[in-house]
Amino acid sequence: MNDRAGRRRARRLAIGTAVVLALAGMNGPWLYRFGTAKYHQYQINKPEYKAANGKWEIVQFPKEYRQNTIHAALLRTGKVLLVAGSGNNQDNFDAKRFDTRIWDPVNGTIKKVPTPSDLFCTGHTQLANGNLLIAGGTKRYEKLKGDVTKAGGLMIVHNENPDKPITLPAGTTFTGKEGGKTFVSKDPVVVERATKVFDKKTGKFLRNDPGLGRIYVEAQKSGRKYETGTQDNYRIHGLTGADARNTYGIAQKLALDKKDFQGIRDAFEFDPVAEKYIKVDPMKEARWYPTLTTLGDGRILSVSGLDDIGQLVPGKNEVFDPKTRKWTYTPKIRQFPTYPALFLMQNGKIFYSGSNAGYGPDNVGRDPGIWDVASNRFTKIPGLSDAKEMETSGTVLLPPAQDEKFMVIGGGGVGESAQSSNRTRIVDLKADSPRFVDGPALEKGTRYPQASILPDDSVLVSGGSEDYRGRGNSNILQARLYHPDTNTFESVADPLVGRNYHSGSLLLPDGRVMFFGSDSLYGDAANTKPGVFEQRIEIYTPPYLYRDSRPSLSGGPQTIARGASGTFTSPQASVIKKVRLMRPSASTHVTDVDQRSVEMKFTVSGDKVKVTMPGNKNLVQSGWYMLFVDDDQGTPSKAQWVRVP
């Protein structure tokens with residue numbers, strides 16, 4: 001325990017004891033009339049309490065501006081982009097009501113923005129030009145087993161012709177050779193030509209490996225009698241000659257089972273100055289629940305998601321080039337569950353923590369490790385506790401980013417499991433042989449925890465639920481500050497609003513933290529009433545903003561190249577102890593791979609603070625950052641926006 005944390009704990013205990021003793025000295029009827037709720041409000045609003053614990057406040061938008069916020073990103077203008085798309089609402093989806101809001105937390109203004117596609121469960125990341133890249137979303141809502149009326153599922157189309165691909169239009173019919181049942185495709189599909197395989201030693205032709213295409217098919221009529229129970233080969237109607245001989249379908253059971261969400265290929269840049277979406281080249285693969293991770297050269301890696309037939313994308317990852325605004329496949333295939341937590345390391349490789357937000361087999365792509373995208377080599381990292389409870393866990397790059405230590409927080413079993421973990425796990429990627437070790441435990445098993453890095457190097461961990469989507473009123477109204485220097489949690493003020501699935505948090509430029517969303521499955525402990533989406537925003541003001549004063553920062557360049565320096569003015573320069581460069585968040589589904597806090601070297605002369613940008617492009621990707629300075633009490637300034645070219 002460091003001295004500062006110890007003093008704060010002792011001070012908080014003294015405050016609480018003094019208040020209790022004072023009230024105990026009053027008569028019983030007064031205490032009864034005062035009431036528990038009023039007493040609580042009295043206590044948490046005392047200046048001493050806020051200075052030790054911070055304070056939570058609810059922001060309630062006017063009714064016409066409320067939405068089911070699923071995604072949020074801090075823009076370089078200081079405003080917050082709030083994206084709902086259809087907001088997990090089938091009626092909105094059917095009516096093509098897709099929502100986006102821009103909220104200015106300084107002025108309190110809210111603006112509606114036209115939303116071109118259903119960006120519900122999309123992926124996003126900050127670009128070097130200050131725009132936000134958004135890719136993927138929803139093509140079709142899931143259908144639960146009882147709601148499915150037509151048998152259907154995945155058809156794999158094979159093309160054994162090595163000379164040309166073949167295109168099958170939407171509405172193509174397939175008839176089983178054994179079962180005789182007919183199914184119809186819902187979309188067009190291009191099936192690549194077959195690959196000729198030769199013996200490597202003799203050069204002798206061995207075979208043609210067929211090109212494959214994936215397509216969703218559905219029975220022509222409703223009813224259980226149109227289901228199939230086993231795999232079958234399918235003849236494709238409308239083909240003749242060589243095409244008919246070379247092209248066929250193979251499908252496993254086509255049934256009335258639940259049909260998962262389907263993704264879209266659409267991609268956009270959001271311009272924070274013009275405050276509008278700009279359409280760019282669509283992805284090669286449709287994706288619902290993808291992760292976008294910025295690489296050191298400024299390109300964007302897009303990984304995983306459910307495709308346009310509701311299947312986990314089969315490891316076909318791709319990269320967006322902001323210069324051409326086009327996508328290309330990575331050379332190798334690697335599959336992950338949806339919304340995998342993928343972070344760029346200082347050596348250019350990708351760290352996968354094992355955290356994910358669901359969807360995908362429990363035995364595919366679940367192991368944490370280090371991924372070399374170019375070679376596709378994957379090195380597993382051992383030691384992960386509660387390894388089978390990593391779904392809906394959170395992962396954060398602990399400050400400062402140069403240390404390359406990550407914390408994995410909580411998590412639960414695969415799918416709708418009631419299992420949850422109270423573990424935190426820490427891995428030092430700079431160690432000779434990286435290995436997970438347990439950090440301080442959480443009080444409760446926690447799915448969907450939110451973690452935001454603060455400019456004083458602490459990490460705010462808040463919310464979540466003990467059960468899947470808050471079942472059984474299991475939301476956790478607790479917040480903790482994690483201190484990396486002492487590897488300890490410190491209890492702070494409790495949030496006012498429960499947050500589970502479809503929630504998130506992000507650091508604001510003034511040092512406060514914004515929380516959004518929550519999508520409980522049920523609204524009561526008995527799990528009998530449907531849940532209501534949480535539309536209120538909540539702001540946490542950390543204890544450091546209730547001190548007597550804070551440093552200020554002004555002037556200085558708006559652009560600082562890697563390896564270069566810039567000089568700012570601060571009347572408190574003599575007491576500045578830290579300078580941090582913080583990447584703005586893009587948060588959704590317990591996934592925020594953008595946020596990081598980079599230590600900046602600095603010198604002080606009079607009222608001038610000269611800061612030096614690190615030179616590693618994998619540590620500091622090109623883009624816009626918040627620059628904070630901290631004084632000798634750990635109090636941060638308001639941020640200055642700085643661009644790294």
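Trainee: What is the strand order in the open sheet of four strands?
Mentor: In this predicted model, the order is S1-S40-S39-S38, and the pairing is antiparallel.

Trainee: Which strands are at the edges there?
Mentor: Strand S1 (55-59) and strand S38 (503-507), each of which pairs on one side only. On average, neighbouring strands of this sheet are turned by 20° against each other, with direction ignored.

Trainee: How many bridges join S38 to S39?
Mentor: Five, with S39 covering residues 513-517 and the two strands running antiparallel. In that pairing, leucine 506 stands opposite methionine 514 in S39.

Trainee: Where does serine 503 lie?
Mentor: Serine 503 is in strand S38.

Trainee: Is serine 503 buried or exposed?
Mentor: Buried, because its relative accessibility is 1%, and the cut-off for buried is under 20%.

Trainee: And what does the side chain of serine 503 make a polar contact with?
Mentor: With the side chain of glutamine 450, at 3.2 Å. Not counting residues up to four places away in sequence, serine 503 touches Gln450, Phe516, Gly517, Ser518, His589 and Val590.

Trainee: Switching to another serine. Where is serine 393?
Mentor: In the loop between strand S29 (377-380) and strand S30 (394-397). Serine 393 is buried, with a relative accessible area of 1%.

Trainee: Which side chain is joined to that of serine 393 by a polar contact?
Mentor: That of serine 355, and the contact is 2.6 Å.

Trainee: What else is serine 393 in contact with, leaving aside its neighbours within four places in sequence?
Mentor: The list is Ser355, Asn356, Val408, Ile409, Gly410, Gly411 and Val590. Val590 is also on the list of residues that serine 503 touches.

Trainee: Back to sheets. What order do the strands take in the open sheet of five?
Mentor: S5-S4-S3-S2-S43, with antiparallel pairing. Strand S5 (110-112) and strand S43 (586-587) stand at its edges with a single partner strand each, so one side of each has no neighbour in the sheet.

Trainee: How many bridges join S3 to S4?
Mentor: Five bridges, between residues 80-85 of strand S3 and residues 99-103 of strand S4, which run antiparallel. Leucine 81 stands opposite isoleucine 102 in S4.

Trainee: What about S42, how many of its residues are buried?
Mentor: Four of its five residues are buried, so strand S42 (residues 578-582) is mostly covered.

Trainee: Which strand pairs with S42 over five bridges?
Mentor: Strand S47 (residues 623-630), in the antiparallel sense. Methionine 582 has methionine 626 as its bridge partner in S47. S42 is also joined to strand S44 (residues 597-599), by three bridges and again antiparallel. There, leucine 581 has valine 598 in S44 as its bridge partner.

Trainee: Now S12. Which residues are on its covered face?
Mentor: Phe183 and Ser185, while the uncovered face of strand S12 (residues 182-185) has Thr182 and Val184.

Trainee: How many bridges join S11 to S12?
Mentor: Three, with strand S11 (residues 173-176) running antiparallel to S12. Phenylalanine 174 has phenylalanine 183 in S12 as its bridge partner.

Trainee: Which glycine takes a positive phi in the hairpin of S11 and S12?
Mentor: Glycine 180, near 75°, in a hairpin with five residues between the strands.

Trainee: And how many bridges pair S12 with S16?
Mentor: Three, in the antiparallel sense, with S16 spanning residues 211-219. Valine 184, from the uncovered face of S12, stands opposite glutamate 218 in S16.

Trainee: Zooming out, how many helices and strands are in the chain?
Mentor: The protein chain has six helices and 48 strands. Of its 645 residues, 56% are buried. Among contacts between residues at least 6 apart in sequence, 61% join residues at least 24 apart.

Trainee: What does the C-alpha trace span along its principal axes?
Mentor: About 90 × 65 × 45 Å.

Trainee: Last topic, confidence. What is the mean pLDDT?
Mentor: It is 94 for the protein chain, with 95% of residues at 70 or more.

Trainee: Where does pLDDT stay under 50?
Mentor: Over residues 1-33, for which the model has 34 contacts beyond four places in sequence. Where pLDDT is low, the predicted coordinates should not be read in detail.

Terms used. Residues numbered from 1 in each chain as written. Predicted model: local features only at pLDDT ≥ 70, side-chain atom pairs only at ≥ 80, totals over all residues. Heavy atoms only, no water. pLDDT = per-residue confidence, 0-100. Contact = heavy atoms within 4.5 Å. Pairing = 2+ DSSP bridges. Axes fitted to C-alpha atoms, helices over the stretch in contact; angles between N-to-C directions. Buried < 20%, exposed > 50% of the residue type's maximum accessible area, 1.4 Å probe, protein only. Polar contact = N/O pair within 3.5 Å; in protein donor to acceptor, adjacent residues only side chain to side chain.
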